[in-house]
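Work through the exercises below with the sequence and the model at hand. Try each task before reading its solution.

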Amino acid sequence: MSSQVKRGAKTSGPAAVPRGASRIAPSAASAASAPQPAKPASKRPPPAWSQAQWLAALPPVLASLQLSLSEGQQTQLADYMVMLAHWNSTFNLTALRDPQDMLSHHLADCLTVLAPLQRHLQSLPVPAVKLLDVGSGGGLPGVVLAICHPEVQVTCVDTVGKKAAFIRQVAAELRLPNLRGEHARVETLKGHYDLITSRAFASLVDFVSLTRAILAPGAVWMAMKGKQPDEERAQLPADIDVFHVEQLQVPGLDAERCLIWMRPLSAEPV
């Protein structure tokens, strides 16, 4: 209610202005002394981990997955995650900023596919396997696979130039001659690949249709997914064989993960 009393209005009651009381607005000092609502604290992500912190976080993940990597490979993985966090602050390579989340949702998630991939690679007669990581973004899983399988030629393709540039920088700094970064739409690529993979790139039908022309004879697709994509599988062309669905358990991550292995029906079994 206004502190001004209208002409002719009753002045009785607690809200009335007593006779002789000042009718001017409260002073700035008194207004400032009134309780003010607290400003919400700005959320800042935890500090990025150093190489030493990443190296300390790796052994429990590797032990859980029963993986054996050399000291050099572990150092490269740690250096890669340091680079990913550093470049992420400028180029927005991933939505995750918390190092613990990056460990579980990114690094551990990609390391989980190593054992299934190793089994597949051992079944191939091709001496030099060419692997394509579609929609690689900041290099997940392509960079991790290139580090852990130096015998595999890994190409990471992305439509965003700064992400492809980051992959090339990683290849140069970590001395990974088997890693390439391509700035292109996948449907414009030439050549053929022995294994084509993706991680949350697109639906299965889009993934297959966009890359079918560059799938080598006898090659397969390996799609990294969350829970089993039954609806996506139902939309696949009739001549695509989903020959294996593999459940994965990612250390430190309470979420469903699986690998969808596919090939054209005309392809020879692998």
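**Exercise 1.** Work out how helix α3 and helix α7 are oriented to each other.

Step 1. Locate the helices: α3 spans residues 71-91 and α7 spans residues 161-173. Helices are DSSP runs of H or I with at least four residues, strands are runs of E with at least two, and both are numbered from the N terminus.

Step 2. The two axes come within 11 Å and cross at roughly 150 degrees. Axes are lines fitted to C-alpha atoms, for helices over the stretch in contact, and angles run from 0 to 180 degrees between N-to-C directions.

Step 3. Angles over 145 degrees count as roughly antiparallel, so α3 and α7 are roughly antiparallel to each other.

The model is predicted: local features need pLDDT of at least 70, side-chain atom pairs count only at pLDDT 80 or more, and totals for chains, interfaces and linings use all residues. Residues are numbered from 1 along each chain as its sequence is written, and side-chain values use heavy atoms, with hydrogens and water left out.

**Exercise 2.** Find the strands that pair with strand β1.

Step 1. Strands pair if DSSP finds at least two bridges between them. Five bridges join β1 to the parallel strand β2, residues 153-158; Lys130 stands opposite Gln153 there.

Step 2. β1 also pairs in the parallel sense with β4, residues 193-199, over four bridges. Leu132 has Ile196 as its bridge partner in β4.

Definitions and conventions:
Parallel < 35°, antiparallel > 145°, perpendicular 65-115°, else oblique.
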